[in-house]
There are 2 protein chains.
Amino acid sequence: MPSDRKVATDRANAILEIDLRAVAANWRRLKRELAPGVRMAAVIKADAYGLGAAQVGPALLRAGCELFFVASLDEGIALRKVLPKARIAILDGALAGSEAEFARHRLMPVLNDLGQVTRWSKAYPRKPAIFHLDTGMERLGLSRAEVDRLTANPALLAHLDVAAIMSHLACADEPEHPKNPEQLARFRTALARLPKAPASLASSSAIFLGRAYHFQIVRPGAALFGINPLPGKPNPMRATVALRAKILQVRDVDAGETVGYGATHRMERPSRIATIAVGYADGWLRSASDRGSAAIAGRRVPLVGRISMDLLTLDVTGIEADRAKPGAYVDLLDDSYGIDDAAEAARTIGYEMLTLLGRRYARVYRGAR
Amino acid sequence: MPSDRKVATDRANAILEIDLRAVAANWRRLKRELAPGVRMAAVIKADAYGLGAAQVGPALLRAGCELFFVASLDEGIALRKVLPKARIAILDGALAGSEAEFARHRLMPVLNDLGQVTRWSKAYPRKPAIFHLDTGMERLGLSRAEVDRLTANPALLAHLDVAAIMSHLACADEPEHPKNPEQLARFRTALARLPKAPASLASSSAIFLGRAYHFQIVRPGAALFGINPLPGKPNPMRATVALRAKILQVRDVDAGETVGYGATHRMERPSRIATIAVGYADGWLRSASDRGSAAIAGRRVPLVGRISMDLLTLDVTGIEADRAKPGAYVDLLDDSYGIDDAAEAARTIGYEMLTLLGRRYARVYRGAR
């Protein structure tokens with residue numbers, strides 16, 4: 001009901017716009033890095049990095065995506081409802097006893113250890129699964145010793161429909177890191193010992209390490225959502241989110257007064273402070289206190305004082321009173337100041353900033369059908 | 001449907017238990033600090049600090065709470081549905097044009113500036129509102145200059161039903177901070193100039209600053225949820241949350257191998273690593289990478305390597321294999337390692353850690369009716 005949505009947006013203190021067209025454009029942009037015939041899957045775990053798997057999933061399906069990765073069984077069950085036909089793989093794997101749930105919802109487990117391989121081959125020999133080989137993350141995936149045991153047991157392998165064999169890089173965002181070629185070599189060695197299946201090593205950043213890393217399937221996540229896969233270089237991706245929030249109050253603050261909790265920020269001169277209704281409970285992390293900035297009518301204003309649970313304060317001294325006034329909008333994320341910029345101010349990475357964007361924002365999707 | 005809930009909990013990778021009895025016990029504990037006749041309200045903004053206002057609100061109502069504070073109009077409208085009769089106040093105030101929404105849902109605005117006071121007195125002179133005076137936060141609330149203008153306009157005051165006059169301390173968690181008596185004095189001065197109404201200055205920590213800070217209404221939030229209102233001293237509050245997560249995989253890691261993104265954590269000796277399905281997207285902040293710990297069957301194990309979006313890794317070397325195994329539970333938050341401990345590992349405060357606890361956990365409420 002558009003009118004209800006209009007009311008909700010009008011009264012919301014902050015609005016998060018999610019541009020599904022930009023997600024699709026990023027899909028096409030990444031495709032251009034690939035040789036013909038290399039397939040591309042999409043990683044939309046953590047509720048599509050916080051942007052809403054129920055909206056992002058169908059948008060990527062329309063863009064041509066046929067294989068989706070999520071983290072947990074619960075995420076897979078939820079995604080199945082909006083993508084009744086797509087292939088959906090579960091990165092967390094299949095814990096003992098959960099196999100029937102995978103089958104019921106037609107979800108493909110990423111088999112992370114030999115126990116999972118054995119149980120799946122017994123329970124569902126005809127249903128596809130993905131092998132995950134660890135090559136140096138030491139987090140999830142079959143170890144080299146487990147690959148040894150697997151290759152020593154051809155009967156086990158014969159009872160599996162292997163949809164793909166995957167691994168994951170630890171340092172793909174550092175192109176010169178020696179761990180990248182080391183993991184690549186380990187992956188090749190393991191692949192050579194296993195039955196032929198489509199291989200997948202590259203997520204977002206690794207796509208830009210070159211075609212040696214692409215194999216048959218790449219599986220970007222972050223880059224689809226506008227996070228720069230090339231830290232330190234210009235971002236080839238489009239921003240997918242914009243966040244604006246209303247000014248609740250503007251106040252004159254005398255020189256010598258302090259702003260916010262802990263009285264940590266003392267005003268050196270008579271100032272004007274605008275308070276907006278975004279705080280760390282909305283994912284504007286407290287580590288960004290006294291750091292970073294926002295924009296009012298295109299002019300940047302610094303964040304001052306500690307970020308509190310529901311509020312943050314901006315120094316709007318010098319901004320015209322008819323622009324910095326209660327009810328006026330401040331841009332927290334836009335095309336010129338994106339999720340990676342906000343993350344840097346919060347001393348973290350765009351991935352964390354994006355996934356923690358809060359649940360109190362009125363969410364508006366652009367390009368939804 | 002309990003059976004559905006059982007299935008959801010069985011297949012969940014992580015379970016957040018929220019003990020509403022502990023919330024009620026904390027309510028009673030805080031009450032003991034108060035002189036007879038001092039009333040206590042509850043601040044349950046940010047979805048009751050992340051614990052669920054729809055569950056926490058009714059639990060506090062049963063404990064005797066009659067006045068609830070939330071941050072935004074949207075939070076108030078949601079809370080009204082589960083608390084049809086309680087008084088609910090909105091800390092963000094009433095932006096121009098939103099007054100009718102307050103009236104429609106019987107929500108009480110916290111009037112933060114003179115414009116809000118004027119509009120409310122014109123629109124709803126018979127409906128109660130709360131005055132918020134700034135005494136040194138410089139965030140929300142009427143300035144001293146606005147109080148001057150207000151007292152110069154007795155007609156305006158005559159047209160208002162003032163349910164309370166409040167202010168908020170910047171440094172209540174630092175009992176020796178000179179800002180506390182300074183704000184107290186400013187508050188007293190302003191109160192003396194305004195018509196008599198119940199006064200409220202103290203939130204959680206300020207309750208422990210002594211009865212001079214209590215006035216007629218105190219309004220705790222964090223302490224109700226178990227956050228220590230006395231940093232550096234023993235916590236007088238009960239823990240309200242417990243978080244446990246399943247081990248997805250346990251692996252042997254050779255000496256010299258690195259764990260996780262960035263290859264930042266190198267194992268000095270042959271080790272065993274357990275991977276669990278909690279990551280920064282679940283609010284286990286990335287700033288806790290290589291810091292803090294969890295417990296397996298009562299034994300503490302350190303978190304090693306970087307926290308990733310959906311996973312973290314624990315060094316379980318030396319823990320018996322029948323305890324540290326896939327499907328076994330790890331305690332991330334319990335009575336002996338609480339939200340403040342986890343926050344310290346993440347270099348933040350319990351307030352942020354609590355409000356960011358994620359949406360992927362299966363949530364189980366104890367003591368719900």
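User: How are the axes and angles of packed helices defined here, and at what angle do H4 (residues 53-63) and H5 (residues 73-82) of chain A pack?

Analyst: Axes are lines fitted to C-alpha atoms, for helices over the stretch in contact, and angles run from 0 to 180 degrees between N-to-C directions. In this predicted model, the axes of H4 and H5 of chain A lie 9 Å apart. Their packing angle is about 55°.

User: How many nonpolar residues does the contact of H4(A) with H5(A) have?

Analyst: H4(A) contributes A:Ala53, A:Ala54, A:Gly57 and A:Pro58, while H5(A) contributes A:Glu75, A:Ala78, A:Leu79 and A:Val82. By class, 1 residue is polar and 1 is charged. The number of nonpolar residues is 6.

User: What relates chain A to chain B?

Analyst: Chain A is superposed on chain B by a rotation of 180° with 0.0 Å of shift along the axis, at an RMSD of 0.0 Å. The two copies are therefore related as by a two-fold rotation axis.

User: Which residue of chain A has the C-alpha nearest the axis?

Analyst: The axis in question is that of the 180° rotation that superposes chain A on chain B. In chain A, the C-alpha nearest this axis lies 3.8 Å from it and belongs to A:Leu356.

User: What distance separates the centres of the two domains of chain A?

Analyst: Chain A is divided into domain 1 (33-225) and domain 2 (241-366). Taken over C-alpha atoms, the separation of their centres is 39 Å.

Technical notes. Residues numbered from 1 in each chain as written. Chains lettered and ligands numbered in written order. Predicted model: local features only at pLDDT ≥ 70, side-chain atom pairs only at ≥ 80, totals over all residues. Least-squares fit on C-alpha atoms with pLDDT ≥ 70 in both. Helix = DSSP H or I, 4+ residues; strand = E, 2+ residues; numbered from the N terminus. Contact = placed C-beta atoms within 7 Å. Nonpolar A, V, L, I, M, F, W, Y, C, P; charged D, E, K, R; others polar. Domains from an automatic or database assignment.
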